[in-house]
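Please consult the sequence and the model while reading.

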Amino acid sequence: MWKTSFIQFFKIIRQNKFFTFLNLFGVSITIMIVLIAAIKIESTIKPGGPERNNDRMLFVNNEVLSAENHMAMGGISLIKIEEYFSKMTSPKAIAFGNETPWSYFGEQGVEEFSVKNVNAEWWQVFDFEFLEGRPFGTWEVEQSSNVLVIDEKVQNRFFPDQNTLGQMLEVSGKSYKVVGVVKSVPSNCTYSFANVYMPYTLTEGDGKELMQTGSFSMIFLGASEANLVEIKDEFESIRKRIIPFLDEGYELYFGGPENAVDSYLRDWANPKHYEGSTARKLKILGRFFLVMLLPALNLISIQLIRIHERSEEIGVRKAFGATRSGLIKQILYENTLLTFIGALLGLLLALIVVYGFHDLVIKTLFNDFGEGVSLSINFILFIICLVASLALSLISGIIPAIKMSRLEPVEVLNGGKL
Amino acid sequence: MIQLQNIQKIYQTRDIETIALDQVNLRVEKGEFVSVMGPSGCGKSTLLNIIGLLDKPTDGFVQIDNMLINKQKDKKLASIRNEKVGFIFQRFHLINSLNVIDNVELPLLYRKLSSSERRKLAQENLERVGLSHRMKHFPSELSGGQSQRVAIARAIAGNPGILLADEPTGNLDSQMGHEIMEILHQLNKVGEMTIVMVTHDENLARQTNRIIRFFDGRQVN
Ligand SMILES: Nc1ncnc2c1ncn2[C@@H]1O[C@H](COP(=O)(O)OP(=O)(O)OP(=O)(O)O)[C@@H](O)[C@H]1O
Ligand SMILES: [Mg+2]
């Protein structure tokens, strides 16, 4: 029975090439785009590398100082971190740092590197892979020791064939000793990525007054899910403790602490959203469904037209002995099989694009900031897409199939109305 | 054997009611070859569709081989259509996406047969209508006469006792028409099929056992 249906299916689609093409094309291209777009989102939310444990991390990137007629928005000021938040007891480890660029004027012109100025616990929060040497410790940070941790890229650039550890490296006019070399961080690890890491105490630092914003980010590492809640609570109580020390009438908000997803979705430009991102998530989800509505309607209408196109065939089948349930089964079977093939094609296309045009995809998705990012297709997402499109084709097939099958054979033969 | 009792068929469209068949009583014996004649719109196709279980009468009883058709379940109706009746449509109604042999196999798909058995039966029946050399062609590549012969092969592939033909020669020239009639006579005599044929051609009708005449939905004799 199934073998016969299968063969029949191919005979039918072979002849209706145009609809078959439209149907397959619609499903496969949509799924391909979703899968590839998801790579971008996923690589931001779950970037791997030193942030592979980011489901136990909470991030705070900005603060807002606002009064009735005034508002200041920026990174977190150093004083709030040093005096308050770094003294929190609930997190397993607290990392903070800011970023400064380093332009190196060499024989090959200007080369750009990224420098992060970080605290000692940075190395506990993030899971760096040390190729040589060690991280700098609490004492070195407190003493503002001239030490550096560099990545492979900097090592290859400045110390290609000599021992790296203990060497001096000049960064922006000052000399530092290299104490460690880490494996290069993929650039989608936005929090941990840098080419050079140095103690934050070596730089000026900003935000030395409570009434100033700064340029720092904080990352809390929790021991467990429950711990993350405690961290949020403790953070909140500290925020409330700071407010009385601000100028009269000022409020203080933070962009966080929140997980990677919320941090990604945070709307930088709109401080109202600092109150939580559920609305924003819903908005994005709504937009996603709105965008998906088009291919969905497309799939439904193509399938409806296909069934309509086949009314003569269905009438003839009825006249020669097809049962009502047999016809419904046949129509649904063919619809879903076609969609299934389309979905598989979509996966195949996505794989071809991702692995065959790797560099182009990186460039398209990450502009020029895609160094070291590994692309991989999310198969769970594929299964979700597959189930969704199968459900759609079942739903779009079942009503006309039932209607068609209920009509008397002559009515269908004469092009019965749906 | 076909028996119709007090058959009435009323088509209800928006504001007009068409009585296509009115109080029709008819009996066709096993092995008979009867023709149905009458002016256009008098209800001939409607009658044939009701006999072939392609449509339901508004009122009255249909019996095929002593079995009352009214109120049968869909499964049963489907199996009667499949096993007892073969239908030849005026407009062929071949499935364009299937080639000739697949079209002929269609009624056999709804039987418990292996694919090789189906193929064999379909081939035999195509031979009976003289079209075995066109098996792999598609309907769009056939002439009208060839299409009608494929339609006949399909109608008889399942070896039904009753063959219903709605103007089988209506779309063909008289030469082709005679060839088709020849095949039908063969099926009636050698294959012992009961045949009911609608026709406008008095000459063809006269070659059959009996002529049933209709006028305005009623039988006139
Ligand atoms: N689906 C329908 N809806 C409404 N009226 C219909 C329908 N089918 C047929 N009729 C009407 O029923 C009557 C009988 O139609 P039928 O097709 O049986 O005629 P016929 O004798 O086969 O004519 P012809 O020789 O032209 O094929 C006609 O008046 C026709 O208009
Ligand atoms: Mg007619």
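Is α5(B) mostly covered or mostly exposed? In this predicted model, α5(B) is mostly covered, with 13 of its 14 residues buried.

## Helix α5 of chain B

Helix α5 of chain B comprises residues 144-157. Just after α5(B), Asn159(B) adopts a positive phi of about 50°.

## Surroundings of ligand 1

Ligand 1 is surrounded by 13 residues, the closest being Ser40(B), Gly41(B), Lys44(B), Ser45(B) and Thr46(B). By class, the shell around ligand 1 holds 3 nonpolar, 8 polar and 2 charged residues.

Two elements of chain B, β2 (17-28) and α1 (44-51), each supply at least two residues of this shell. The most is given by α1(B), with 3 residues.

The side chain of Ser40(B) places an N or O atom 2.5 Å from an oxygen atom of ligand 1. For Lys44(B), a polar side-chain atom is 2.7 Å from an oxygen atom of the ligand, and for His200(B) the corresponding distance is 3.2 Å. Taken alone, ligand 1 exposes 630 Å², of which the protein buries 64%.

## Domains of chain A

In the domain assignment, chain A is divided into domain 1 (2-46 + 279-413) and domain 2 (62-254). The centres of domain 1 and domain 2 of chain A, taken over C-alpha atoms, are separated by 47 Å.

Terms used. Residues are numbered from 1 along each chain as its sequence is written. Chains are lettered from A and ligands numbered from 1 in the order in which they are written. This is a predicted model: local features need pLDDT of at least 70, side-chain atom pairs count only at pLDDT 80 or more; totals for chains, interfaces and linings use all residues. Side-chain values use heavy atoms; hydrogens and water are left out. Domain bounds come from an automatic or database domain assignment. Helices (H or I, at least four residues) and strands (E, at least two) are DSSP runs, numbered from the N terminus. The expected span of a helix is 1.5 Å times one less than its number of residues. Buried means under 20% relative accessible area, exposed over 50%, partly exposed in between (1.4 Å probe, protein chains only). A residue is near a molecule or strand if one of its heavy atoms lies within 4 Å of it. A polar contact is a pair of N or O atoms within 3.5 Å; within protein, one must be able to donate a hydrogen and the other to accept it, and residues adjacent in sequence count only if both atoms are side-chain atoms. Accessible areas come from the Shrake-Rupley method with a 1.4 Å probe; for residues, only the protein chains shown count as cover. Ala, Val, Leu, Ile, Met, Phe, Trp, Tyr, Cys and Pro count as nonpolar, Asp, Glu, Lys and Arg as charged, and the others, Gly among them, as polar.
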